[in-house]
Amino acid sequence: MAKPFSAKVVTANDLLEGDVIYQTADGWTRDLAQAEVLTDEADADIRLIDASQQHSRVVGAYLADIANINGTPSPVHFREDFRATGPSNYRHGKQETQQDV
Amino acid sequence: MYNYSEFDTAFLAERNAQFRAQVERRISGALTEDEFKPLRLMNGLYLQLHAYMLRVAIPYGTLNSAQMNVLADIADKWDKGYGHFTTRQNIQYNWPKLRDVPDMLDALASVGMHAIQTSGNTIRNVTADHFAGAAADEIADPRPVAELIRQWSTDHPEFQFLPRKFKVAVTGSENDRAVIRAHDIGLRIVEQNGERGFEVIVGGGLGRTPMIGKVLRSFLPQADLLPYLEAIVSVYNLLGRRDNKYKARIKITVHENGLDDIRARVEERFALIRPQFQGVDQQMLRKIEADFAAPAFKSAPLDSYTQAYGADPLFRSWADTNLSNHRADGYAIVSISIKAHGQTPGDATSDQMRVMADLAKTYGHDELRISHEQNVILPHVHRSDLPNVHAALRAAGLATANIGLISDIIACPGMDYCALATARSIPIAQDIATHFDALKLEHDIGPLKIKISGCINACGHHHVGHIGILGLDRAGVENYQITLGGDGAADAQIGERAGPGFAADEVIPAIERIVMAYLDLRSDRLETFLQTYRRLGLAPFKAALYPQAQVNAA
Ligand code: HEM
Ligand code: SF4
C-alpha cells in the first residue's frame with residue numbers, strides 16, 4: 001500500500017534576497033503561515049514544477065513536509081522551523097521583522 | 001609585510017566586472033541557477049539557509065589594518081555589522097544581497113583582496129601556522145615555503161585533474177599549530193646535523209573518513225622539496241581512485257595501498273625527476289623569503305609591562321592566557337579572543353574589527369592574522385605596549401582571557417546558517433562557554449579544546465577536539481555525538497566515540513560530567529585533560545558520561 005501523502009508546501013530561496021520563501025496560490029510569500037498547503041500528491045508535483053521554472057525569482061525549490069493545523073501550515077522538521085524563523089544566535093532573518101508572540 | 005600578489009589589480013578588476021555581468025544576467029533570467037551556481041561559487045558566493053554567504057579569502061590568514069578596515073566597512077554597508085572568522089582562516093558574511101555582491105567585491109579589490117575560491121581537483125590553498133614569522137619556537141617562517149609551493153603548483157600542467165582536491169599545510173615549529181597531520185600533505189621544517197629540511201607527512205584529513213597523516217620521510221633536504229612533492233602528487237595522480245568521490249582523497253590511497261608501497265613508489269619517481277630541478281626553485285624561494293622579511297623590531301624598556309603585570313589582576317590573567325612567546329626580545333604574540341562567553345565563536349562586529357585594525361597599526365607593525373581557531377592575532381607587539389593594547393581591547397569587549405581554555409571553542413556555523421547541516425553548533429558552543437564561565441572553573445580546568453561540527457563534513461574539526469561534538473539529525477531531532485581524546489597538534493589523534501549521542505539539552509550536563517571526572521582524575525593541577533585522558537584511556541570518562549549504564553550493568 002502506498003504511504004499516505006503528508007501535507008506539503010513548496011519552498012525555495014529568493015533569488016535577490018536569498019531568504020526563504022513559500023509558494024502561495026498566485027505568487028510567493030516570506031511567511032510560512034501564508035503558504036499554500038498542498039494535500040494532493042499530483043497537485044504538489046505540478047506546483048513544484050511550476051516553481052522550479054521561475055528561474056528569475058527563486059532558487060532551489062522543493063517540497064517541505066508541514067503539519068496542517070486547520071489550514072495553517074507549521075514546520076514538522078527542525079530544519080524547516082529554523083528556515084521559517086532565522087538563526088538562533090541573533091534575532092536576524094525573518095524573526096527580525098516578526099512580532100513577538 | 002609580504003605583498004601577496006596572487007592576483008594583480010587589473011586581473012581583479014576584470015574578474016569583478018565579469019562577475020558583475022554574470023549577476024546581471026542571472027537577475028534578468030538569462031542565466032539559470034544551474035548555469036550561475038558554478039560561477040558564483042568560484043567567486044566565493046554561497047547560498048545558505050536564510051541568505052547568501054560571501055567567503056573572503058585571507059591568504060595565510062595574514063592581513064593589514066587597511067584590509068581589516070575594509071572588512072569592517074563591508075560588514076556595515078552590505079551586511080549586518082559583523083563578520084564571521086572561520087577555521088579556514090577567512091571571513092564570511094552571512095547576509096549579502098545578490099545585487100550588492102559585485103560592489104562588495106570591488107570594495108575588497110580596493111585593498112587587494114578577493115573572494116575567489118580555488119576550486120576543482122587541483123592543489124588547493126597552502127596554509128601555514130598563524131604564528132608564522134613570530135613564534136619563539138619556530139625554526140623558520142613557513143610562509144615562504146608555502147608561497148613557493150603555491151606558485152609552483154598553480155597551473156602546473158600535470159596536476160590540473162587530480163582524483164580530488166589536494167591541500168598542503170606547512171609549519172616551522174615543533175608545536176604544530178597548522179594541523180599539518182590533517183592535510184593531504186603536511187610539512188614541518190626541521191633541522192638535522194645543522195642542515196635544514198622537512199618532515200613530510202602524507203594522507204591526513206578529516207571529514208567523512210578522518211585519518212591522521214603518516215610520516216613519509218622524516219628528513220627531506222630543503223632543496224629536494226619540490227621534486228619530492230611532485231613525486232608524491234604524481235604517484236597519487238596515478239593511483240588515486242577516480243571511481244568514488246568519497247574514496248578519492250590521498251588519505252584513502254595511502255590507506256588502501258599501504259604507506260610502504262606509497263613510499264617506494266614516491267622514492268622511485270623522485271629519483272627519476274630530481275635531476276630536472278636545477279635550482280631555479282631555490283632562487284625563487286630566496287626571493288620570496290626576502291619579501292617575507294620580518295618587520296624592524298624595536299627595543300624599549302619593559303617597565304610599563306612589569307608594572308601592569310604586578311598591579312592589575314585582569315591584565316595579568318589576560319597576559320598569562322592570551323600571550324605567546326615571540327622570537328624577538330621584548331615582544332609577544334597577542335591572541336585576541338573572538339570567543340567572549342556566550343557570543344558566537346568567531347563573530348566580530350565592525351567596531352571590533354576597527355579597534356583591532358587600529359591596534360595593529362599603532363602597536364603591531366600593521367599586521368593581523370586570523371587563526372584557524374577563529375581568533376585574531378597581533379603577531380608582533382612589544383611588551384611595553386601591552387597595557388595599552390589590553391585597555392583598548394577591554395573597552396571593545398575583546399579582552400576575554402580564555403585562549404586555549406574550555407570556552408575557546410571552535411564551532412562551524414551549523415544549522416543556524418549552513419544548508420548542509422544536520423544540527424546546530426553555535427548554541428551548544430554558547431551554552432558551554434556561559435555555563436563554565438558561571439562555574440568560574442575555566443582557569444582551574446586549564447587547556448581544553450572543544451570543537452563542534454554541525455555535520456559529518458567536519459568543518460569544526462570535531463575529530464581533533466580534546467572533546468569533539470558532532471551534531472546529527474536522529475529521526476528529526478538534533479542529537480550530539482561526543483568524541484574524546486582527539487588532538488590536532490604534534491601528537492595528532494582522532495577522537496574516540498564515547499557512546500550514544502545526547503539530545504541538545506543533555507549536552508551541557510554531559511560535558512560537565514566529563515570535566516568533573518577529569519578534575520577528579522588528574523594527577524595534579526598540571527596534568528592537562530588530554531594528558532589525563534592519554535594516561536587513563538576512555539573508560540573512566542565513559543563511566544562518568546553514562547552513569548546510568550554503570551548502574552544497569554551492576
Ligand atoms: C557554511 C557554508 C559551508 C559549507 C557549505 C561547507 C561545506 C564543506 C564541505 C562539503 C566540506 C567537505 C569537503 C570535502 O571533504 O570534500 C567542507 C570541509 C571543510 N570546511 Fe566547510 N563548509 C562551510 C563553512 C565552513 C566554515 C564556516 C568553516 C570554518 C569555520 C569551514 C571549514 C572547513 C574545513 C576546515 C574543511 C576541511 C575539513 C577536512 O579536513 O576535510 N567550512 N566544508
Ligand atoms: S560541518 Fe557541516 S554544518 Fe558545519 S559548516 Fe561544514 S558543512 Fe556546514
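Ligand 1 is surrounded by 18 residues, the closest being B:Gln48, B:Thr87, B:Arg88, B:Arg164 and B:Cys459; a residue counts as near if one of its heavy atoms lies within 4 Å. This shell comprises six nonpolar, seven polar and five charged residues. Here Ala, Val, Leu, Ile, Met, Phe, Trp, Tyr, Cys and Pro count as nonpolar, Asp, Glu, Lys and Arg as charged, and the others, Gly among them, as polar.

The model is predicted: local features need pLDDT of at least 70, side-chain atom pairs count only at pLDDT 80 or more, and totals for chains, interfaces and linings use all residues. Residues are numbered from 1 along each chain as its sequence is written, chains are lettered from A and ligands numbered from 1 in the order in which they are written, and side-chain values use heavy atoms, without hydrogens and water.

The iron atom of ligand 1 has a single protein donor, B:Cys459 (SG), at 2.1 Å. Donors are N, O and S atoms within 2.8 Å of the metal (3.2 Å for Na, K and Ca); water is not among the atoms, so sites may look incomplete. B:Cys459 belongs to the loop between strands E17 (450-453) and E18 (467-474) of chain B, where strands are DSSP runs (E) of at least two residues, numbered from the N terminus.

| Residue | Part of residue | Distance to an oxygen atom of ligand 1 |
|---|---|---|
| B:Arg164 | side chain | 2.8 Å |
| B:Leu206 | backbone | 3.3 Å |
| B:Lys165 | side chain | 3.4 Å |

Note on methods:
Helix = DSSP H or I, 4+ residues; strand = E, 2+ residues; numbered from the N terminus. Polar contact = N/O pair within 3.5 Å; in protein donor to acceptor, adjacent residues only side chain to side chain.
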